[in-house]
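Dear colleague,

Please find below the sequence and structure that I am handing over to you. My notes on what was found follow directly after it.

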Amino acid sequence: VPGYALAESVVGAVRFPDNRLIPVNDTWAAHGKTNTFRRATSRDRMEPILLPATGLAVMGGGEGEHQLHAYLNYTKGRHHKQFDALSIGLFAFGRELFPDIGYTWTNYRLHWPDRMMSHNTVVVNGVDGTKDADHTSYRLRDFVAAGAFQYASVDADAYPGVASRYRRSLAVVGKDSRDGYLVDIFKVEGGRQ
């Protein structure tokens with residue numbers, strides 16, 4: 001199939017160091033047989049990558065067991081999209097440190113994993129935000145990948161008429177999990193809580 005190798009390399013570029021897919025939207029977070037896209041081997045090294053059309057900013061670095069992988073999710077859409085505006089994930093020291101449930105085919109799918117509160121993000125007024133169904137209200141502000149300093153910042157109109165600002169900025173400082181750290185800044189203006 002024309003373009004398949006390119007598509008596979010893009011999907012491979014955002015995988016966790018243990019080669020699982022990032023659990024965004026309808027992607028399984030599980031290992032083994034439940035994740036049909038799981039490859040047999042781990043990644044050798046981590047590099048930052050931006051997928052602006054998809055809505056993923058992946059940052060990190062390192063090789064082997066010292067890989068550091070952080071992502072900022074600003075995926076867009078309506079169908080197969082979860083309420084997870086500006087959620088993040090972190091993988092270091094061989095495991096997910098900020099895990100996400102991802103997709104599930106259980107009876108709980110529409111009652112917990114899909115909801116805003118089940119993701120690593122900020123919930124305003126205790127309710128789900130909106131999805132970027134028209135692909136216009138989640139906007140990448142900045143993406144910098146300069147060696148041991150990487151930075152991404154995104155605005156989202158996740159709570160129109162309630163929050164005038166809903167912005168997340170994420171920085172990874174350091175070359176790998178041995179000396180790296182994550183800086184997470186979330187700015188919200190509006191809402192009662």
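Which residue in the turn of the hairpin of E7 and E8 has a positive phi? The residue is Gly161, with a phi of about 80°, and 6 residues lie between the two strands.

Before the details, some conventions. This is a predicted model, in which local features need pLDDT of at least 70 and side-chain atom pairs count only at pLDDT 80 or more, while totals for chains, interfaces and linings use all residues. Residues are numbered from 1 along each chain as its sequence is written, and side-chain values use heavy atoms, with hydrogens and water left out. Helices (H or I, at least four residues) and strands (E, at least two) are DSSP runs, numbered from the N terminus. Two strands pair if DSSP finds at least two bridges between them. Buried means under 20% relative accessible area, exposed over 50%, and partly exposed in between (1.4 Å probe, protein chains only).

Strands E6, E7 and E8

E7 and E8 run antiparallel and are joined by 7 bridges; within E8, Ser169 is the bridge partner of Ser153. E7 also pairs with strand E6 (residues 138-146), in the antiparallel sense and over 8 bridges. Ala146 stands opposite Phe149 in E7. The hairpin of E6 and E7 has 2 residues between the strands, and Gly147 in its turn has a positive phi of about 65°. Because 6 of its 8 residues are buried, E7 is largely enclosed by the rest of the structure.

Strand E2 (residues 56-61) is mostly covered, with 6 of its 6 residues buried. Leu56, Val58 and Gly60 point one way from E2, and Ala57, Met59 and Gly61 point the other way. E2 pairs with E1 in the antiparallel sense over 3 bridges, and Ile49 stands opposite Val58 in E2. Their hairpin has 4 residues between the strands, and Gly55 takes a positive phi near 100° there. E2 also pairs with strand E3 (residues 68-73), again in the antiparallel sense, over 6 bridges; the bridge partner of Ala57 in E3 is Leu72. In the hairpin of E2 and E3, with 6 residues between the strands, Gly62 takes a positive phi near 105°.

His69 is found in strand E3 and counts as buried at 0% relative accessibility. A polar contact is a pair of N or O atoms within 3.5 Å; within protein, one must be able to donate a hydrogen and the other to accept it, and residues adjacent in sequence count only if both atoms are side-chain atoms. A polar atom of the His69 side chain lies 3.1 Å from the backbone oxygen of Val14, and a polar atom of that side chain lies 3.4 Å from the backbone oxygen of Arg15. Thr75 is in the loop between E3 and E4 and is buried, with a relative accessible area of 2%. Leaving aside neighbours within four places in sequence, Thr75 is in contact (heavy atoms within 4.5 Å) with residues including Asn25, Gly55, Asp84 and Tyr138.

Nonpolar cores

A nonpolar core is a set of buried Ala, Val, Leu, Ile, Met, Phe, Trp, Tyr and Cys residues joined through side-chain atoms within 4.5 Å. The largest has 25 residues, and those with the most contacts inside it are Leu72, Leu86, Tyr159 and Tyr166. E2, E3, E4, strand E7 (149-156) and strand E8 (163-173) each give two or more residues to this core, and its largest share, 4 residues, comes from E8. A second, separate core of 10 residues includes Val14, Phe16, Leu51 and Phe91.

Aromatic rings

Rings of Phe, Tyr and Trp (its six-membered ring) pair if their centres lie within 6.5 Å; planes under 30 degrees apart count as stacked, over 60 as edge-to-face and the rest as tilted. By this rule the count is 5 aromatic pairs. Phe16 and Phe91 are stacked, at 5.4 Å centre to centre with 25° between the planes. Phe16 lies in the loop between helix H1 (4-13) and strand E1 (49-51) and Phe91 in strand E4 (residues 87-92), so this pair ties together parts that are 75 residues apart in sequence. Both Phe16 and Phe91 are buried. Phe149 and Tyr151 also stack, at 6.4 Å and 10°; Phe149 is partly exposed at 39%, and Tyr151 is partly exposed at 24%.

With kind regards
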